Amino acid sequence: MALSGYHLDFPLSIVLPHSLITPKKFLMSSSTHHISTDKTLLTVAGALFCLTLLTAGVHYLELPQPWSILAAMFIAVVKAGLVALFFMGLYWDKRFNMMLLITSLAFLALLGGYTLLDTLTRVHIIPGF
Amino acid sequence: MANHSTATSHADFVQHHFVTADQQFDSAKLGMWVFLVTEILFFGGLFTAYTVLRMTHPDLFAEASTELDTLWGTVNTLVLIGSSLTVAMAIKSAQLNQTKNIAINLGITIVLAFIFLMIKYFNWMHHFSLGIYPGTAYSFTGIDDPHASIFFSLYYLMTGLHGIHVVVGIGVMTWLLVKSLKGQFHSEYYTPLEIGGLYWHLVDIIWIFLYPLFYLIH
Amino acid sequence: MDTAESNPNLKKVQVQRYKPEEDPENHYLNAEKGIWSWLTTLDHKRIGILYLISITFFFFVGGLMALMIRTELWTPTKTFIQAHTYNELFTLHGSIMIFLFLVPSVPAALGNFILPVQLGAKDVAFPRLNLLSYYLYITGAGIVIWAILSGGVDTGWTFYTPYSIQTSTAVTIMTFGVFVIGFSSILTGVNFITTIHKMRAPGMTWGKISLFTWSLYATSIMQILATPVLAITLALVAMERIMHVGIFDPALGGDPLLYEHMFWFYSHPAVYIMIVPGFGVVSEVITTFSKKHIFGYWAIALSSLAISLISFLVWGHHMFVSGQSAMASMVFSFLTFLVGIPTGIKMFNWAATLYKGSIKLESPLLYIFGFFFLFLVGGITGIVLASIALDVHLHDTYYVVAHFHFVMVGGMVMAFLAGLHYWWPKITGKMYNEKLARFTCVMIFIGFNVTFLPQFIMGAQGMPRRYFNYIEQFQPFHQVSTIGAYILGLGFFTVFLYLVKSLFTGEKAPANPWGSRGLEFQVPSPVPAHNFDHIPVIVHGPYDYHKPMEEFQLGLAEFGNGHGETVDPDIKTGSKEIKAE
């Protein structure tokens with residue numbers, strides 16, 4: 001079949017890996033998309049509730065620094081991790097999307113860490129300023 | 001004439017430049033995750049400012065934090081977590097073709113988001129009444145530190161920016177609600193729900209960090 | 001050798017050669033008519049053209065400001081401009097050139113057009129987002145113009161606190177404008193990353209994408225990681241001006257250096273955002289005009305990614321004299337030496353590509369040769385500035401000004417012009433006047449050197465930058481520099497003239513005027529409305545000049561009426577079998 005504007009030449013065949021050929025199916029196959037169960041979602045939500053109450057409780061314990069901030073941040077990271085993995089679906093998703101999240105956090109750490117490298121190593125010529 | 005040969009879809013939700021619905025869905029998710037990366041870095045600048053200022057004013061931060069109401073901060077955290085749950089439920093409903101439940105879950109999400117904003121509003125109003133304003137308008141005398149306003153300026157900036165994102169999120173959820181009421185989401189197509197949900201979860205995650213950093217300092 | 005029978009992961013498909021039509025009747029420029037079709041287009045090619053027109057306009061606005069600055073500096077005291085106006089001129093020259101011209105130039109104007117075609121796709125992943133990105137650029141540009149009309153800005157493009165907080169000029173409006181433009185940049189990055197990951201034609205593995213694509217990928221990574229930090233930093237400056245929040249004000253407990261850290265966290269990667277797409281253009285032009293496979297494909301591809309990473313580790317080299325701690329300065333200095341290495345790798349690989357190639361000295365390659373010399377000088381003087389001890393003396397002098405103009409103009413603008421000439425036939429379907437192009441390239445090269453070489457010398461002798469007045473001993477340098485600026489300006493304007501003229505009187509361009517193996521040259525000039533009317537199948541990389549041209553023009557063979565019926569590609573054994581590597 002000749003398409004307008006194109007000159008068809010000799011036929012030839014190529015051997016290509018399956019994954020690089022456009023698949024036949026044109027409807028979204030639900031089997032490739034993970035469906036979370038009610039149980040999973042409610043369990044995760046429950047865990048998040050508990051962790052929130054836990055972190056509030058730890059606050060009232062008035063731990064000395066740096067334990068106080070470390071505990072709070074640790075719990076926050078666990079909570080954020082639960083949201084990212086199970087609510088946002090990273091647990092079942094393509095690895096690349098998780099890599100994006102981790103990369104953004106790494107660069108954020110770079111911004112903060114490097115800035116602190118300066119801020120915390122300054123020699124204060126005028127004390128207390 | 002454009003090519004409509006093997007494997008192009010006639011499903012009307014697949015856009016012309018995509019070959020399959022799966023490619024479109026995966027692209028939308030990837031694109032949204034890339035955007036979330038930018039949001040993380042955007043808020044991240046403020047988190048960096050917070051870190052630097054807290055390290056140089058540790059006692060001020062501890063004292064000023066007591067002015068914030070831990071109870072309502074905790075309630076707000078639970079409210080947002082609840083709204084994340086309902087968004088995830090809405091997506092699950094779409095995947096299972098439970099069309100009515102999509103709208104119900106989205107509706108609850110919106111209500112919870114409004115509750116969050118209301119609590120925030122009352123918090124802020126309370127602080128204003130004490131003279132705790134950002135910047136040079138600060139006139140509260142309860143904290144004995146010449147730089148006291150810096151904690152609250154950061155507080156207003158960060159919770160304010162977060163609040164703007166909640167408002168945008170409400171807009172997005174409302175738009176999704178309207179579409180779901182029109183029956184546009186089903187197991188074969190729920191891409192906007194998925195990516196709207198991703199945005200909402202990030203808003204939740206940011207609050208998960210704001211909460212201990214402002215309300216739980218000791 | 002694996003055949004389709006022996007390896008179940010491989011599949012045999014029937015392909016045919018699709019030779020590009022010469023002088024096509026229907027293409028993207030006449031697919032739809034009327035200005036409304038342009039303003040509401042979702043076609044990445046038209047959006048690329050819209051960007052091209054806009055950045056050209058702002059290039060000349062910024063260029064005019066440059067000429068005014070250089071003219072003012074003809075004499076050591078006031079020549080014809082007030083001091084305050086002078087401050088505004090250099091601020092706006094910098095801001096416009098960086099945010100409204102350089103950052104979008106290759107990615108948004110050339111990249112938007114060429115990237116999908118090079119990938120074998122019909123469009124970018126998110127065409128509507130692409131159009132939004134353009135309108136955000138225009139909105140931001142409009143806000144910047146509003147800032148200019150509201151009294152301008154005099155802080156320098158760097159908006160350092162505390163002056164940017166205290167000055168009465170239109171800083172708030174300006175930062176808002178840049179904020180909006182930043183989002184345009186971010187959306188382009190989102191689009192490109194998704195397109196490169198998801199929209200490649202069958203057979204196009206990561207090892208077969210063009211180096212231009214790799215450079216756009218590396219640029220997009222930097223764009224999405226760095227630009228949001230600029231956005232929040234400028235928003236904070238606006239908040240400081242409006243509410244005096246004090247984050248950057250020591251009197252209120254803040255830290256002015258925090259501003260600089262946050263600003264340069266973006267602005268250093270920004271300079272790589274500006275140059276890396278240019279590196280991509282260099283790879284394309286060098287291979288085409290030496291008819292040779294690129295030397296070290298993976299070295300160049302991965303060095304672009306290395307630059308993406310390392311560019312985030314060096315920003316403090318802008319802050320050596322700001323009060324930054326000695327410890328941080330030393331770390332930043334050391335890492336800055338490192339960032340030159342990936343670029344050095346590229347330079348050597350490009351030179352090796354040229355070696356024993358079949359060189360055709362056409363204008364795109366001539367611009368690249370100009371790039372080679374000018375960027376080399378610029379890059380090496382960057383390493384000079386990376387040494388803390390030298391930088392203490394050279395910081396805020398004309399040495400820095402010369403350095404960054406060498407890399408940004410001598411490097412990036414030359415590369416941009418090379419790319420513009422290289423892809424001009426593909427974009428417009430017309431050929432420009434080659435003789436005039438070569439002449440103008442030399443004029444630009446000469447004008448550039450006359451403008452900026454003296455600046456290295458006077459900078460090393462202590463001439464400060466951003467100064468309206470100067471001492472007598474520097475006048476000869478300034479005057480030579482000003483003369484050069486006019487030659488340079490004339491050169492740029494000439495390019496504009498002959499390129500526009502070619503639209504009307506240029507001869508029709510063939511599909512592949514340069515004999516390139518790139519996929520974009522296997523479609524007609526100008527490009528068809530949907531890029532490809534078949535699904536291209538990629539067998540070779542874009543630099544395999546030893547393979548015959550027909551093998552770059554393959555696509556899935558058509559069956560059925562082509563209108564949406566699902567059909568299996570027929571698995572027949574043809575007369576020839578190629579194993580895709």
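The pLDDT is the predictor's confidence in each residue, on a scale from 0 to 100. This is a predicted model, in which local features need pLDDT of at least 70 and side-chain atom pairs count only at pLDDT 80 or more, while totals for chains, interfaces and linings use all residues. Residues are numbered from 1 along each chain as its sequence is written, chains are lettered from A in the order in which they are written, and side-chain values use heavy atoms, with hydrogens and water left out.

Select chain B and colour by confidence. Its average pLDDT is 92, and 95% of the residues score at least 70. Residues 1–10 of chain B have a pLDDT below 50.

Next, display chain A against chain B. Here 59 residues of chain A are in contact (heavy atoms within 4.5 Å) with 60 residues of chain B. The buried area, that is, the accessible area (1.4 Å probe) that two parts lose on being put together, summed over both, is about 5000 Å², with 74% from carbon and sulfur atoms.

Now select A:K94 and B:D26. They form a salt bridge (a side-chain nitrogen of Lys or Arg within 4 Å of a carboxyl oxygen of Asp or Glu), and their closest N and O atoms are 3.3 Å apart. Between chain A and chain B the count is three salt bridges.

Finally, turn to chain B and chain C. The contact takes 40 residues from chain B and 49 residues from chain C. About 3900 Å² is buried between them, 71% of it from carbon and sulfur atoms. Zero salt bridges are found across this interface.
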